[in-house]
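Hi everyone, thanks for coming.

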Amino acid sequence: MKKLTTLALTLLLIAALSLTACAQSAGRVFTDSTGREVTVDQEISRIAVTGPLGQIVVFAIAPDMLVGIPGAWNPEAKAFLDEQYYSLPVLGQLYGGKGDLNLEELLKAAPQVVIDIGEPKGSIAEDMDALTEQTGIPFVHISAYLESMDETYTMLGELLGLEEAAGVLAETCTRIYSRAVEMMQGVEKVNMLYVTGENGLNVLANGGYHSGVIDMMANNVAVVENVSSKGTGNEVDMEQILNWNPDVIVFSENSIYDTVGEDPVWQNVSAIANNRYYEVPFGPYNWIGQPPAVQRLLGMMWLGKLLYPEAATYDLYDEVAQYYQLFYHCDLTREQYDALMAKAIDK
């Protein structure tokens with residue numbers, strides 16, 4: 001008889017665990033965002049996610065259920081997240097990035113369900129079915145959009161049996177988003193550009209999945225023919241930026257915020273000449289996106305206060321501290337907040 005491979009042994013172990021679980025639980029049917037009816041355990045305590053967007057969203061509601069993470073935490077996250085979560089195994093991600101989901105490591109981690117969260121790919125239902133059949137672990141997709149994060153958390157609460165916690169998160173999403181919508185109805189949008197890349201020659205274009213906060217909170221002047229689906233945005237040239245001539249520019253982290261003020265070419269852009277340029281707050285994630293998850297609510301509140309201070313009557317520190325407590329389980333200090341805002345306020 002041939003020796004069993006590690007993967008085969010793992011599959012047998014998972015099968016045995018599944019049989020035990022079945023004996024203890026009859027299971028229940030969960031309908032995901034694709035309309036697929038998936039049988040999951042009656043009670044769930046071990047979960048995995050397929051990508052960084054899901055990592056951010058799920059961490060808010062069920063950090064102690066995660067048996068692994070798609071990618072290593074950013075070094076900046078150590079200042080905000082509990083150290084215990086850094087020892088979780090890295091399982092890789094299904095879509096985007098490296099696309100390096102390691103099924104063998106996933107099986108070893110033995111989640112009861114694997115959750116895909118975000119904008120559904122065209123083949124999402126087929127992908128989820130194939131992975132469910134291949135691993136014996138139910139894979140489900142829950143869609144996530146800026147305007148409906150409350151629905152995302154409501155569905156997560158139903159799946160995980162955490163309806164009360166999900167309700168608090170959903171209400172917070174609704175409150176922040178609705179307030180921003182109402183505020184924007186009473187102001188004239190500022191002409192703005194969001195710049196990424198180490199050379200400052202990439203932009204998040206109007207109408208893209210990653211530009212949702214910018215399009216909502218400002219007049220995104222980056223209008224291009226073919227909007228990139230990547231978080232790095234569309235590559236442009238300096239002539240195009242000069243033609244757009246935005247009144248406000250927000251630079252992503254690791255871009256050229258620190259040098260544009262002394263650059264004679266960039267000085268020809270209105271936003272730079274008038275000192276109306278900023279760097280997006282970052283910690284533990286970029287507040288505008290990358291990935292475009294629930295932390296974009298922070299970007300929404302920040303841009304509201306930055307661009308329309310007379311209309312944004314809320315206290316930004318109080319709002320951000322509440323968000324960090326609910327979504328990162330972190331007590332944000334004033335010192336941490338000031339560090340986050342160091343390059344994100346008027347000079």
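How much accessible surface does the protein have, and what share of it belongs to carbon and sulfur atoms? The accessible surface is about 16100 Å², and carbon and sulfur atoms hold 49% of it; such areas come from the Shrake-Rupley method with a 1.4 Å probe, where for residues only the protein chains shown count as cover.

A word on the source: this is a predicted model, where local features need pLDDT of at least 70 and side-chain atom pairs count only at pLDDT 80 or more, while totals for chains, interfaces and linings use all residues. Residues are numbered from 1 along each chain as its sequence is written, and side-chain values use heavy atoms, leaving out hydrogens and water.

Now the overall build. The C-alpha atoms fill a box of roughly 75 × 40 × 35 Å along the principal axes.

Let's visit Q93. Q93 is buried, with a relative accessible area of 15%. Its neighbours by contact (heavy atoms within 4.5 Å) include T50, G51 and P70, not counting residues up to four places away in sequence.

And C330: is it buried or exposed? C330 is buried, at a relative accessible area of 7%. With residues up to four places away in sequence left out, C330 touches F80, Y324 and Q325. C330 and M184 are 146 residues apart in sequence, and their C-alpha atoms are 30 Å apart in space.

Note on methods. Buried < 20%, exposed > 50% of the residue type's maximum accessible area, 1.4 Å probe, protein only.
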